[in-house]
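User: I've got a model to go through with you. Can you take my questions one by one?

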Amino acid sequence: MAKPAPARLSPPAWLTAGLRPSSTPVPWPAVGRASIALAAPLAVGFAVGQPAYGALVSMGALSGVIGDTADAYRMRIFNIAVPQLFGALGVTLGTLVFGHGWLAVGALTLVALVSGMISSIGAVASVSGLLLLLNAVVGAGLPMPDPWWKAPLLLTAGGVVVLVLTLLGWPWRGGQPERAAVAGTYRSIAELYEAAGADTYDEKRQQVTASLNQSYDLVLARRARQHGRAPTLVRLLAELNVVIPLLEAAPATHIAARHLGRPVPPEIPAAVRALADAVARDSGARGGSGGKGGHGPGGPALELPPATRPSEKAVDAALRHAAGVVHRTEPDPHNVDDRLGRPAALRVRFRRAARGVLLSESSWRYGLRLALCIGLAQALVSIIPVPRSYWVALTVTFVLKPDFGSVFSRAVLRALGTAAGLILAAPVLAAVPRGWWDVPVMLVLAALIPAFSAKGYAFQTAAITPVILLLSDLLNHQGFHLVLPRLYDSLIGCGIALIAGYLLWPESWHTRVADRLADAVADTAGYLTLALGARPGERAETAARHRARRKLYRDMSAVRSEFQRALTEPPPAGDLAAAWWPLAIAVERMVDATTAARIRVDHGAPPPEPTEVAAVERQLRELADGLRASDVLVAVRVDLGGDEDGVLAPLRQEVRAARAIATPVPVPRR
């Protein structure tokens, strides 16, 4: 009998996930901006005989390039300008404690605490906290030109260069990113209807949620109080609002296609795509009002199949209403509020953010972790002579960002990316003489940053490392001798982050998905009561239902992000997240089934009995309580009686499936 072939040794999936390049397309405009923004200051510096000044401006531009992640121009101003101000403050504090030994250790530890705490506010605050600490570390580790205000001024000038290059297209493409996002939401809904009844429906629904979130975020970022001053904004918000009924009708269509064998007619997704094209062209400015027939003076007629069943009537009504708004000359200015409600005043949001930072346990916990690691890094390099020791703390800062992904995987990817970047930088530092040749070299190296950043963290690190080394060499003139010390420093920083920022904290060995899933299940129970307790036609209750559903899907997007982070953790956290992933999918399906039931009732189906609703809600509450009480999923057989032909039948089926999910018990190897 032939012996079985020995198992091939290969790294585990959680370790290699970050080494697979993402399929995200290369942002070519960002590639061009990065090349100019980082190379032009060097050219100016060499021209005026101050290459160190040019290097500092390029460093500031590097921060702006990394932070330029928004689509809308108004958001870009915010995303680039605010972090640059925090970066200027950071380099000022670092410059003031440069060469002061233990005073610098204490100052950087305090800055790390503040940086970590404010990072919990949001994406812009996270980048601001990152630049605050990074520039403080650089200022405390590198000699800066006198007087003290010159370095922050030069770094800020680099951010201004990026901002100016970014805004050059605003006069011609002012509203294009927002309009493209709204049109993209329509196209994603068309793909969702095409996937109705298929196994790809869940994936398409997640894409619709992400697209809708992005569209609302972009459009609401530039919403003004006086709607009449922004007619384009009025139209975009109106066109975005009317996709909600289309989105709510999709689950009922999916259930009908999957369980009742009624596929979606191809005219439905074709009509949604036609609306997407109209939004992209902004054809409403030339159109008229689309009434009951689905067309007006400027809008084409909708050729839709006859609607006889509740799910079909829901889609028909939603499509005709959307066509009427998209092709209307002037949308109703009183119908432009998003379904999540108007944002609070700036002072209210500031108070909420401050309260969240000061009173949040997670904010303090992350701030203390970051402060501990930075304090250890600075203390280590103060006791042990390490050339250009700032690189150790820089590595800790980049790695210890849990809102950017798994700390463990980032430490591994940082080490690998740095090694790859050093291999790329070594021939440049060894063969290219310092001077004007640095300008064309920087043109090429800077272009790699946005191109590689789109592919993953390890690739971004590999692209940023040679750029930082080249700029550092213009400041300290060490040349090729920078290469190996930077590798050692990176390994030391990764080791500190892994030990003091990961292994020593009990929460690193557990995943937070249980609590988040429990909250999502409890919110689903509340949404069930709200959706099937509201009476058709009551506007306030309908709006509340829209907000509850949108909040649920936003929360589930956050849960998916948490799962993606947890899946890259080593066992047991990664294994536990993988075991619970089916439950996350089940929760989304339960929300869909609840929405489908409400839509069918709105269009003529008999409503469920209150006892049926209460029985399902009770099972959801019990599931949520079980998730909070244990890290192990136990299968529970439930007997949910009710009308098997009623609107709640698909929801009961999803609840039974969710309660039957159990954590698999690993089988020991022999």
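User: Which helix does Glu-239 lie in?
Analyst: Helix 11, residues 231-241. Bear in mind that this is a predicted model.

User: Is Glu-239 buried or exposed?
Analyst: Buried. Its relative accessible area is 1%, and buried means under 20%.

User: What does Glu-239 touch, leaving out residues up to four places away in sequence?
Analyst: Val-182, Tyr-186, Val-279, Val-325 and Val-326.

User: Switching to the largest nonpolar core. How many residues are in it, and which touch the most other members?
Analyst: It has 88 residues. Leu-38, Leu-42, Ile-374, Met-442, Ile-449 and Val-467 touch the most other members.

User: Which helix gives the largest share of this core?
Analyst: Helix 20, residues 457-476, with eleven residues.

User: And Ile-374, what is it in contact with beyond four places in sequence?
Analyst: Its contacts there are Leu-108, Thr-109, Ala-112, Leu-133, Ala-393, Val-396 and Thr-397.

User: Now the surface. Which residues make the nonpolar patch?
Analyst: Leu-89, Leu-93, Leu-96, Trp-148, Trp-149 and Leu-153. The patch covers about 630 Å². Helix 4, residues 73-96, supplies the largest share, three residues.

User: Where is Leu-89, and why does it count as partly exposed?
Analyst: Leu-89 is in helix 4. It counts as partly exposed because its relative accessibility is 45%, and that class runs between 20% and 50%.

User: Jump to Arg-656. Where is it?
Analyst: In helix 26, residues 649-659. Arg-656 is partly exposed, at 28% relative accessible area.

User: How far is Arg-656 from Val-616?
Analyst: Their C-alpha atoms are separated by 9.6 Å. Along the chain, the two are 40 residues apart.

User: Last topic, confidence. What is the mean pLDDT of the chain?
Analyst: The mean is 79, and 80% of the residues reach 70 or more.

User: Where is confidence lowest and highest?
Analyst: Lowest in helix 1, residues 13-16, at a mean of 64. Highest in helix 5, residues 102-118, at 91.

User: Where does pLDDT stay under 50?
Analyst: Residues 333-341 are one such stretch, and the model gives them 30 contacts beyond four places in sequence. Residues 665-670 are another, with zero such contacts. Where pLDDT is low, predicted coordinates should not be read in detail.

How values were computed
Residues numbered from 1 in each chain as written. Predicted model: local features only at pLDDT ≥ 70, side-chain atom pairs only at ≥ 80, totals over all residues. Heavy atoms only, no water. Patch = residues over 30% accessible without salt bridge, like charges linked within 9 Å, V, L, I, M, F, W, Y side chains within 5 Å. Areas by Shrake-Rupley, 256 points an atom, 1.4 Å probe, with all protein chains shown as cover. Salt bridge = Lys/Arg side-chain N within 4 Å of Asp/Glu carboxyl O. Helix = DSSP H or I, 4+ residues; strand = E, 2+ residues; numbered from the N terminus. Buried < 20%, exposed > 50% of the residue type's maximum accessible area, 1.4 Å probe, protein only. Core = buried A, V, L, I, M, F, W, Y, C linked by side-chain atoms within 4.5 Å. Contact = heavy atoms within 4.5 Å. pLDDT = per-residue confidence, 0-100.
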